[in-house]
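Here is a short briefing to read with the model open beside you.

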Amino acid sequence: MFRAVDVILKKRDGQELTNGEIFTFIQKFTVGDIPDYQAAALAMAIYFRGMTRREIVALTRAMAESGHVLDLSDIADYAVDKHSSGGVGDKTTLVVLPLVAACGVTVAKMSGRGLGFSGGTLDKLEAIRGYRVDLSEAEFRQQAREIGLVLCGQTSELAPADGKLYALRDVTATVDSIPLIAASIMSKKLAAGARGIVLDVKYGSGAFMKTLDAARELAQVMVQIGVDDGRDMIALLSNMNQPLGCMVGNALEVREAIETLRGDGPQDLRLHCIETAAYMLALAGRGQRWTDHTENCALIEAKLMDGSGLATLRRLVQAQGGDVAMIDNPDLLPCAAHRVEVLAEDQGYAAFVDAVLVAKAALILGAGREKKGDPIDPAVGVEVAVKVGDQVQMGQRLAVIHANNPALIDEARSLIQQAVRLSPEPVEPMPLFAGVIDGRKS
Ligand code: URA
C-alpha cells in the first residue's frame, strides 16, 4: 500500500525514489489526498538529499502530467519556446519572439508573473492597454495557427502540481534547490508542448542563481530533463550582475523592447536578443537549415532592421486585443508623474551596477510585487544610464527615477547610489554570456 510517509522517510534517509513513488505522490498531492505538510516535508528532504537525474525527470513528468499537456503537432511541424530564469530589466521575450516568428517559425509561449522583485512578462504586456493574457486553450491554438505567434499566461490547467508545490516551497525555505527549480520550470515547458526549447539561465546578483557554477548546474539539469523527454534543448548562461538594457519597470521595458525592434535600443539588449533568437532558429532548423550561428544572427538582425520583427509584435498585440497605437507611438504607454535624475557624486569607472539594488529601487516605486497578488504600477521604474566599464564624471546622470509617489523617491535614489560602484581604475565591460549548453550533443 502507498503511504506518503514512507516516501518522505526514504528520501529523508538519502535513498532513491522509484518513478512509481514519485508519480503517485504528485498525483495524490494534486488532487488533495496528500496534505500540504507532507508535500512540504518531501520538498525539504529533496532540498537536503537532492535527486538523481532519473528522479528529477520523473518528478518533472509527474508535475507536467498533473494537468493538461498540450500537443501542438496539428498546428505546426515544429514549435519553439524560450524560458528565462528571470532577471532585472529582462524584456527579451518581447523582442525575441516576434523576431523568430518573423522568420516563419511558430512560437507559442505561456509566461508567468514576476516571482521576485520585478514584473514578469505578463505584467509587462499588461502595460499595453487591452492586451489579454488570459487566453483559453482554444484561443491559444487558433492564434498559434493563424499568426504563428502567441504569448499569454499559463492556464490553471498547466502543471497544477507545480503551482501548489511552489506555493509551499515559497513559505518553507525550499525554493533554492536545483532539482526542485529544474522540475518546476521544465514541467511547465514540457506541458506547453514546444519541441524545441531555448533556456536563458541567468547568474549573478539579480538572478536566482548567484554564481555561474550554480547556474551551469541548473542549466545542465534542465537540458537533461528536456533531452530525456525527446525535446531539442539549448541553454545559454547569461550575466545578470547588471540590469539588461536600461529600463527596469513594466511600461518602460515595453518601450525599450519597441525601440530595440525599431533597430535602436541598448547594445547589450540588442545583442542578447539576437543571440537568443538565433539559437531558437537553430532548433527550428533541426540540423537541416539555419545551421550556421553567424548566418542566423545576421538573419535575425535583418528582421530587426527591416521592421518585420516590429510588424510581428504589432500583429501579436492586435490579435490579443491590445492597443496597437501604443506600439506605433510608445509615448501613449503609461507614464509616471515624476521623473527625477540621480547624479554621480564622484568620478571614475563604473565597476558594478548592482542589478539587485536597481530591482529593489524599482520594487519600492511599485514596479514589482512584494508578495503574490500585490498590485503593480505599470508606469514606474528606473532608467539606468550607465553600464559596467563606462567612464563616469562627477554630476553625470546615473539613472532616472520614474515615480508616481514622490514620497518614495529618496529611498529609490539611495538604492541607486549604492548600486553604482565606481573604481578609480578603468574597468572591462561585463560579458553578456558565459557559455552555451547544447542538448543536441548530449
Ligand atoms: N521559476 C519557476 O517557475 N520555478 C522555480 O522553482 C523557480 C523559478
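How far apart do the C-alpha centres of domain 1 and domain 3 lie? They lie 43 Å apart. This is a predicted model, in which local features need pLDDT of at least 70 and side-chain atom pairs count only at pLDDT 80 or more, while totals for chains, interfaces and linings use all residues. Residues are numbered from 1 along each chain as its sequence is written, and side-chain values use heavy atoms, with hydrogens and water left out.

**Domains**

- The domain assignment of the protein gives domain 1 (4–50), domain 2 (79–329 + 433–441) and domain 3 (335–423); such bounds come from an automatic or database domain assignment.

**The six-stranded sheet**

- Six strands form an open sheet in the order E3-E2-E1-E4-E5-E13, with mixed pairing. Strands here are DSSP runs of E with at least two residues, helices are runs of H or I with at least four, and both are numbered from the N terminus. Two strands pair if DSSP finds at least two bridges between them.
- At the edges are strand E3 (149–153) and strand E13 (433–438), each of which pairs on one side only.
- Strand E2 (residues 106–111) pairs with E3 in the parallel sense over five bridges, and Gly153 in E3 is the bridge partner of Ser111.
- Helix H7 (residues 137–147) packs on this sheet, touching E2 and E3, and its direction makes about 155° with that of E3. Axes are lines fitted to C-alpha atoms, for helices over the stretch in contact, and angles run from 0 to 180 degrees between N-to-C directions.
- Helix H12 (residues 267–285) also packs on the sheet, where it touches strand E1 (79–84), E2, strand E4 (196–203), strand E5 (232–239) and E13.

**The four-stranded sheet**

- A second open sheet has four strands in the order E6-E9-E11-E7, with antiparallel pairing. Its edge strands are E6 (247–248) and E7 (338–343).
- Two bridges join E6 to strand E9 (residues 381–384), and Val248 stands opposite Val382 in E9.
- Helix H16 (residues 355–365) lies across E6, E9 and strand E11 (397–403), at about 145° to E9.

**Nonpolar cores**

- In the largest nonpolar core, of 87 residues, Val80, Val382 and Ile401 touch the most other members. Such a core is a set of buried Ala, Val, Leu, Ile, Met, Phe, Trp, Tyr and Cys residues joined through side-chain atoms within 4.5 Å.
- H12 supplies the largest share of this core, 10 residues.
- Domain 2 and domain 3 both give residues to this core, so it lies between them.
- Val382 touches residues including Cys246, Val248, Leu365 and Ile416; contact means heavy atoms within 4.5 Å.

- Arg231 is found in the loop between helix H10 (212–228) and E5. Arg231 counts as buried because its relative accessibility is 14%, and buried means under 20% relative accessible area, with exposed over 50% and partly exposed in between (1.4 Å probe, protein chains only).
- The side chain of Arg231 reaches the backbone oxygen of Leu190 at 3.2 Å.
- Ser423 is found in strand E12 (residues 420–423) and, at 15% relative accessibility, counts as buried.
- The side chain of Ser423 reaches the backbone oxygen of Glu425 at 2.9 Å.
- Leaving aside neighbours within four places in sequence, Ser423 is in contact with Gly348, Tyr349 and Ala351.

Technical notes
Polar contact = N/O pair within 3.5 Å; in protein donor to acceptor, adjacent residues only side chain to side chain.
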